[in-house]
Amino acid sequence: MKRLLLCTAMTLSLLVGCAEPQSNTLPSAIEKQMEEQIGMDIAVPSNDKLVVKYAEIRYPPIVNGQQIAGPSIATIVYTDEKGELLPITDEQKAEMRNRQQREIFYGEYAGRPIVIMEISTMKNSLHDAKTAEIEGITVEYGQKEAASGTYAFYSFHHQNASYMTIFLLNDTTTTDDAVAFNRKLIRQLQGKQ
């Protein structure tokens, strides 16, 4: 009986996104849950240098007790470190869902954010952006210096979804890596991978 309870507990913990081991892509069961919540297919590319740190959905805000119109935004964050799972209580999760209108699906693991990918149904556009074509898709891109580092931004649309990727550039993550990540993402969206 104890063995059955232990096996059941272990199985349940694997089904919960926060309990899965850190991966270089989002586990397919978690990706599917996020797709159901956001109402569209998403793509989350794997990366040899990076692991997924965190995945959440931000929902439209509630005003006067009603959710106002607006897109839900799926956010997936990658890091270059395999960090420990940061503890988040059920109360904290409820607070996030009820007050902040966001729901965690995976993580959060320790580690600095290197790539932030946002997926929504709202059309994105970058201010003062240049454009390039990657795998037949027009991609807007730009770069910005900040106190915390140099960031590269990319934005494109595919079918009914908008993708924005933000990269913290450093010795191990370059603009070439950012372009390669977006190329892999676009190819995955096009069914080429």
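Predicted model: local features only at pLDDT ≥ 70, side-chain atom pairs only at ≥ 80, totals over all residues.

Biologist: Is Glu56 buried or exposed?

Modeller: The general idea is to compare the relative accessible area with a cut-off, since buried means under 20%. Glu56 has a relative accessible area of 4%, and therefore counts as buried.

Biologist: Which side chain joins that of Glu56 in a polar contact?

Modeller: The side chain of Arg102 does, through a polar contact of 2.7 Å. Leaving out residues up to four places away in sequence, Glu56 also touches others, among them Ile73, Thr75, Phe105 and Met34.

Biologist: Where is Met34, and which residues of that helix are buried along with Met34?

Modeller: Met34 belongs to helix α2, residues 28-38, in which Ile30, Glu31, Glu35 and Ile38 are buried as well. These residues lie on the same side of α2, because they cover an arc of only 140° around the axis. What covers them includes the strands β1 (51-58), β4 (73-79), β5 (102-107) and β6 (113-120). After α2 comes Gly39, which has a positive phi near 80°.

Biologist: What should I know about nonpolar cores, and which residues touch the most other members in the largest one here?

Modeller: In soluble globular proteins, nonpolar side chains tend to be buried together. Here the largest nonpolar core has 39 residues, and those touching the most other members are Leu26, Met34, Ile76, Tyr78, Met117, Ile119 and Tyr163. Met34 itself touches Leu26 and Ile76, as well as residues including Ile42, Ala55 and Ile57, when residues up to four places away in sequence are not counted.

Note on methods. Residues numbered from 1 in each chain as written. Heavy atoms only, no water. Buried < 20%, exposed > 50% of the residue type's maximum accessible area, 1.4 Å probe, protein only. Helix = DSSP H or I, 4+ residues; strand = E, 2+ residues; numbered from the N terminus. Arc of directions from axis to C-beta. Contact = heavy atoms within 4.5 Å. Core = buried A, V, L, I, M, F, W, Y, C linked by side-chain atoms within 4.5 Å. Polar contact = N/O pair within 3.5 Å; in protein donor to acceptor, adjacent residues only side chain to side chain.
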